Amino acid sequence: IHAASGSRPSRRTELPNVILIVADDLRPAELDPDYARRAETPHLDRLKREGLQFTNAYAGSPAAAAARASLVTGQHTGRSRVRSAIQEPLAPLDITLAEVLRSAGYRSGMVGQWGLGWEGTTGIPTSQGFNEFLGALDLVHGADDRTGFLWRNQAPFEFSTARQARRSDSPLAWLQRGATNVIRINEDAAFFLMFAPHLPGAHPLQPYPGDPLTERYADPTWTAGERVRAARTARLDQLVGALLADLHLRRLTNDTLILFTSVPGHDVTGKGTTNSPTLTGGLRSGGSGLYEGDLRVPLIAWWPGRIRPGTTNLPVAAWDILPTVAEVAGAPIPATASGRSFQCAWTDKEGLGFEFYWERHGPNSAQAGRIDRWKGVLPGLGQELE
């Protein structure tokens with residue numbers, strides 16, 4: 001796919017479609033052309049080349065559950081219901097990105113890892129504004145590549161051993177079908193798709209079952225972990241390519257805003273992290289989990305004909321995505337949101353000032369904040385402010 005195919009003439013709305021792709025534990029350095037253990041990612045390279053790359057983007061938290069809550073509710077961890085690595089269900093009072101867009105006439109689908117409510121709770125996606133859901137409700141189940149079932153709305157979608165052995169019938173293949181199906185059934189309307197596969201995933205990783213990409217990354221000078229991580233990143237890229245191809249086929253390319261980002265796959269201060277200096281681009285990490293190397297994530301905004309290619313060092317955080325998408329869709333930004341829209345990065349609008357705040361909850365609680373080019377970290381109770 002090299003060029004947009006124009007807009008779909010049969011669409012009944014001028015509202016743009018929105019696709020939010022959420023990788024798992026992918027670091028900005030891994031998409032850098034100079035990264036030594038780089039996977040082949042032609043489709044992500046295309047998004048970077050044709051879109052706007054944010055070089056100063058932050059996760060909402062170093063902990064997976066809290067980071068996902070921040071992304072979905074637009075709240076930082078000083079406000080969000082979910083503030084740690086412990087999964088808690090969202091409540092009816094929580095306002096999600098899907099609910100904001102529903103108020104503007106969107107239909108929404110969530111495909112992949114959720115982690116904000118398990119069965120029988122108020123936190124399941126279909127109780128939080130999504131019309132369709134296919135994936136894993138909890139992050140432990142979602143990290144199992146050999147899972148025996150996914151949730152299809154509120155019913156389990158089972159995979160026998162024989163089905164799992166067939167790549168065309170594996171859980172990952174069904175997640176790809178689920179994502180493109182959201183596009184297909186809503187191609188003449190306005191839709192929001194949140195696509196969050198468990199790729200590349202947090203350390204320690206296992207090769208995806210039966211994945212031929214594993215053979216492509218067999219360089220003996222790489223560690224086993226580096227080879228597996230590269231193969232899984234390449235698999236993520238192929239899923240992104242499938243979405244781009246489907247948009248092209250349905251002539252929806254120019255009608256669709258894609259935001260690509262990542263969340264931490266676990267609490268980065270825990271054992272077995274992927275926080276090596278190489279992966280963090282040399283930025284400090286560890287300890288409180290609130291240093292730059294712990295929180296930086298990739299972020300790309302792609303919208304042919306509407307967003308000029310380039311890079312920006314405008315600091316943005318995960319909780320800014322909800323206000324941005326709301327502004328793009330002409331939907332009201334809820335008063336509960338912590339962030340502000342970064343649509344100014346690709347329009348002529350004047351940008352707002354920014355202030356960022358993080359909390360890390362658990363045995364060793366910590367806080368951090370950033371105003372302008374200054375950042376402070378309180379690494380623990382009773383400790384000195386850094």
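Modeller: With charges and rings. A charge sits over a ring if NZ of Lys or CZ of Arg is within 6 Å of the ring centre and within 35 degrees of the ring normal. This model is predicted. Here the charged end of Arg284 lies over the ring of Tyr291, 3.8 Å from its centre. Arg177 does likewise over the ring of Trp174, with its charged end 4.7 Å from the ring centre.

Biologist: Which residues do ring pairs link into a cluster?

Modeller: Tyr58, Trp319, Phe356 and Trp358. The structure holds twelve aromatic pairs.

Biologist: How do I describe two packed helices?

Modeller: Two packed helices are described by the angle between their axes and the distance between the axes. Take helix H6 (residues 171–185) and helix H8 (residues 224–249): the angle is about 25°, and the axes are 10 Å apart. Angles under 35 degrees count as roughly parallel, so H6 and H8 are roughly parallel to each other. The crossing of H6 past H8 is right-handed.

Biologist: Which residues of H6 and H8 meet?

Modeller: From H6, Leu172, Gln176, Ala179, Thr180 and Ile183. Their partners in H8 include Arg235, Leu239 and Leu243.

Biologist: Why is helix H10 largely enclosed by the rest of the structure?

Modeller: Buried means under 20% relative accessible area. Eight of the nine residues of H10 (residues 321–329) are buried, so the rest of the structure largely encloses this helix. Among the buried ones are Ile321, Leu322 and Val325. Their cover includes strand E1 (17–24), helix H2 (64–73) and strand E9 (256–263). Just after H10, Gly330 adopts a positive phi of about 70°.

Definitions and conventions. Residues numbered from 1 in each chain as written. Predicted model: local features only at pLDDT ≥ 70, side-chain atom pairs only at ≥ 80, totals over all residues. Heavy atoms only, no water. Phe/Tyr/Trp six-rings, centres within 6.5 Å; stacked < 30°, edge-to-face > 60°. Buried < 20%, exposed > 50% of the residue type's maximum accessible area, 1.4 Å probe, protein only. Helix = DSSP H or I, 4+ residues; strand = E, 2+ residues; numbered from the N terminus. Contact = heavy atoms within 4.5 Å. Axes fitted to C-alpha atoms, helices over the stretch in contact; angles between N-to-C directions. Parallel < 35°, antiparallel > 145°, perpendicular 65-115°, else oblique. Left-handed = near helix turned anticlockwise from the far one by under 90°.
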